[in-house]
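Please examine the sequence and the structure displayed here before reading the report.

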Amino acid sequence: METLNYRFEQGTRRLTAPPEVVGVVGSGNLEVLIEPAALDGACTIEITTAAVGFGPIWAAVMRDFHQRWLLADTRISINDMGATPAVVSLRMDQAVQTMLGDA
Amino acid sequence: MSRISSYQEASARERLQQLFDPGSFEEFLPPSQRVISPHLGQLNAPVAFDDGVAVGRAMLGGVAVYAAAQEGGFMGGAVGEVHGAKLVGLLRRAVVDKVAAVVLLVESGGVRLHEANAGLIAVSEVMRALLDARAAGVPVIVLVGGSNGAFGGMGIVTRCANVVVMSEEGRLAMSGPEVIETANGVEEFDSRDRALVWRSTGGKHRYLMGDCQRIVADDMQAFRAAAQEAVAAYAGQSPALTLEALDAEQRMLDDRLSRFGALRDPIDIWTAMHMPDAADIPMLDVDSFIAAAATRRQGA
């Protein structure tokens with residue numbers, strides 16, 4: 001297992017809905033827990049993954065995610081079981097869309 | 001987005017949203033509380049924020065019930081220490097709060113072997129809590145329609161309930177197909193023979209054998225209606241185990257063993273039960289099947 005942490009500043013979109021979880025921790029899949037949190041305007045992402053050694057790819061996928069949504073004061077926690085980057089992006093978008101009520 | 005209507009294809013959380021009155025499910029210990037397994041991390045294995053089960057209160061056709069749904073996608077729905085404790089807590093709280101029923105959406109391979117004794121104890125505590133709930137007047141309804149079925153300890157838990165509702169696609173047994181093949185050889189049971197696996201453990205055979213009380217199509221609304229009717233049937237009735245009921249069950253099992261114990265294949269059993277066109281039973285739609293089974297099934 002490997003734990004990765006990312007923190008993005010300069011987000012503008014704040015979420016107000018209660019915490020949501022999407023996805024399932026199964027092979028090639030992941031769960032994304034998204035919740036509002038007072039983080040001085042930042043969006044933090046903590047990933048626990050069964051696939052060790054993919055830090056640079058996670059960093060790129062998370063950077064893209066932040067550029068898409070520009071979340072602020074949001075904590076995202078991920079339990080991953082070897083999901084591909086495309087699946088990760090889809091699940092994270094699904095999590096945000098669920099929070100925004102248009103999933 | 002169109003609603004998924006298959007029960008089997010839905011996740012545990014989708015089932016809770018679609019089976020109960022819209023928006024009524026209110027979770028106890030939601031994922032944001034991060035009550036996770038204390039064992040999996042030590043084994044360097046992935047955890048889930050809900051430990052693979054969601055528990056809470058919900059409304060079913062306007063009736064307040066407690067509900068739990070196991071997520072088959074996470075470790076096959078296997079029961080670890082926390083997972084089991086959440087089920088036990090739900091059943092105990094159901095007694096304190098005197099709810100109309102507890103509806104368990106079971107999908108599990110049984111004990112989570114990673115958690116060894118803690119998992120085994122957890123499952124036995126679930127059985128005890130379930131029987132305590134019944135004794136205290138709270139009926140327990142189990143739905144089995146997920147692709148992982150109800151096996152091992154959760155197979156036993158399922159049979160402790162007042163009513164078991166299954167789809168043909170749902171499976172219910174003690175040892176799973178691979179376990180039987182590993183222990184007794186492929187001549188005894190070929191776990192890759194899917195038709196044999198479903199003939200032996202699927203909803204139709206369980207219904208004919210008297211192991212489940214209702215069979216429905218793999219459809220969310222059909223499961224919902226069956227659960228609703230099962231809860232309504234216990235209004236004002238005692239769901240407690242009685243000595244008479246246990247004696248009757250024992251007689252049914254004795255009779256089953258003496259009539260069918262020597263037969264090798266479920267088709268032989270269905271033939272012995274005088275089911276018409278026994279070999280074609282897996283092809284019947286659920287309504288024709290129920291009609292054909294009406295007078296012939298065990299416990300009818």
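The report below treats the basis of the model, each chain in turn, and the contact between the chains.

## Basis of the model

This is a predicted model, in which local features need pLDDT of at least 70 and side-chain atom pairs count only at pLDDT 80 or more, while totals for chains, interfaces and linings use all residues. Residues are numbered from 1 along each chain as its sequence is written, and chains are lettered from A and ligands numbered from 1 in the order in which they are written.

## Chain A

Chain A contains two helices and seven strands; helices (H or I, at least four residues) and strands (E, at least two) are DSSP runs, numbered from the N terminus. Their order from the N terminus is β-β-β-β-β-α-β-β-α. The C-alpha atoms fill a box of roughly 30 × 25 × 20 Å along the principal axes.

Of the 103 residues in chain A, 37% are buried, that is, have 20 or more other C-beta atoms, placed from the backbone, within 10 Å of their own.

## Chain B

Chain B has eleven helices and seven strands. Its radius of gyration is 19 Å, close to the 19 Å given by the globule rule for 300 residues, so chain B is as compact as a globular protein of that length. Buried residues make up 46% of the 300 residues in chain B.

## Contact between the chains

In the model, 14 residues of chain A are in contact with twelve residues of chain B, contact being defined by C-beta atoms, placed from the backbone, within 7 Å. Strand 4 (residues 30–36) of chain A gives the most to the side of chain A that touches chain B, with three residues. That side of chain A divides into eight nonpolar, four polar and two charged residues. Here Ala, Val, Leu, Ile, Met, Phe, Trp, Tyr, Cys and Pro count as nonpolar, Asp, Glu, Lys and Arg as charged, and the others, Gly among them, as polar.

Definitions and conventions:
Contact = placed C-beta atoms within 7 Å. Rg over C-alpha atoms; globule rule 2.2 N^0.38 Å. Buried ≥ 20, exposed ≤ 12 C-beta atoms within 10 Å, placed from the backbone.
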